[in-house]
Amino acid sequence: MKRTNKFIAAVFIIAGLILIFGKREWFPEFYRPQFMGIIAFVSALLIILPRFIFKPSSEELNKQKSLNIFQAVLVAGLVLNSLGGLGLYQLYKIGLEYDKFLHFMVPFLFVMAFSRFGFDWYGWSFGKSIILAAVLVIFGGFFWELFEFFGDKLLKTEMSGYYGKFIIKDTVWDSAMNFFGVIGGILSFVFINPVRNR
């Protein structure tokens, strides 16, 4: 797991260097190379950061496992989002809403990962872990929509809507899919209940 995370972080760093220092004509017209390069560096940092903040001892197996799960979900979310930015978001032109898939899947996974993490690391009850995870992910979804909006206004990106079009419609659907993802994550975590026999 650690080697895979380091490898993916290295890929993000290399991609960031190519995007920032590469020639503009290398990339499709809808790319924003400098901005995407900075996001790639931030993604690499986010991948390696949890291991510096959380350091379970060799005896704390549950903490190790929940940290591994959290980091795997974080990596999956960053990779899926990056693939969208590199071109998969363009699939909306043929009727495939990759964006909506992400707005469901990422909250779904993060609710389960955060619930497990809260239970193992902070000793929260099963119910409290789920509620706080759900609230955190919902606020994260709202923050992301604000990030897209202000990114478009201040940095001239086209993250909101469909590359700057149909912004209100897209934001409403993104928020709805976030909500469905959170509900799906809650129900799945309750059903699986990985902490039942602790």
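Student: Where does Asn81 lie?
Tutor: Helices here are DSSP runs of H or I with at least four residues, strands are E runs of at least two, and both are numbered from the N terminus. Asn81 lies in helix 3. Before we go on, note that this is a predicted model, in which local features need pLDDT of at least 70, side-chain atom pairs count only at pLDDT 80 or more, and totals for chains, interfaces and linings use all residues. Residues are numbered from 1 along each chain as its sequence is written, and side-chain values use heavy atoms, with hydrogens and water left out.

Student: Which residues does Asn81 touch, not counting residues up to four places away in sequence?
Tutor: A contact means heavy atoms within 4.5 Å. By that rule, the partners of Asn81 beyond four places in sequence are Tyr89, Leu102 and Trp144. For Leu102, which is 21 residues from Asn81 along the chain, the C-alpha atoms are separated by 7.3 Å.

Student: Is Asn81 buried or partly exposed?
Tutor: Buried means under 20% relative accessible area, exposed means over 50%, and partly exposed is in between, using a 1.4 Å probe and protein chains only. Asn81 has a relative accessible area of 26%, so it is partly exposed.

Student: How many aromatic pairs are there in the whole structure?
Tutor: Rings of Phe, Tyr and Trp (its six-membered ring) pair if their centres lie within 6.5 Å; planes under 30 degrees apart are stacked, over 60 edge-to-face, and the rest tilted. The search finds 13 aromatic pairs. One of them is Phe70 with Phe117, a tilted pair at 5.5 Å centre to centre with 40 degrees between the planes. This pair links distant parts of the chain, 47 residues apart: Phe70 is in helix 3 (residues 61-86) and Phe117 in helix 4 (residues 98-122). Phe70 counts as buried because its relative accessibility is 12%, and Phe117 is buried at 6%.

Student: Why is the pair of Tyr122 and Trp124 stacked?
Tutor: Their planes are at 25 degrees and their ring centres 5.3 Å apart, so the pair is stacked. Tyr122 is partly exposed at 46%, and Trp124 is partly exposed at 26%. Ring pairs join Tyr122 and Trp124 into a cluster with Phe54, Phe70, Phe110, Phe114, Phe117 and Trp121.

Student: And the chain as a whole: how many helices and strands does it have?
Tutor: The protein chain has six helices and zero strands. Of its 198 residues, 39% count as buried.
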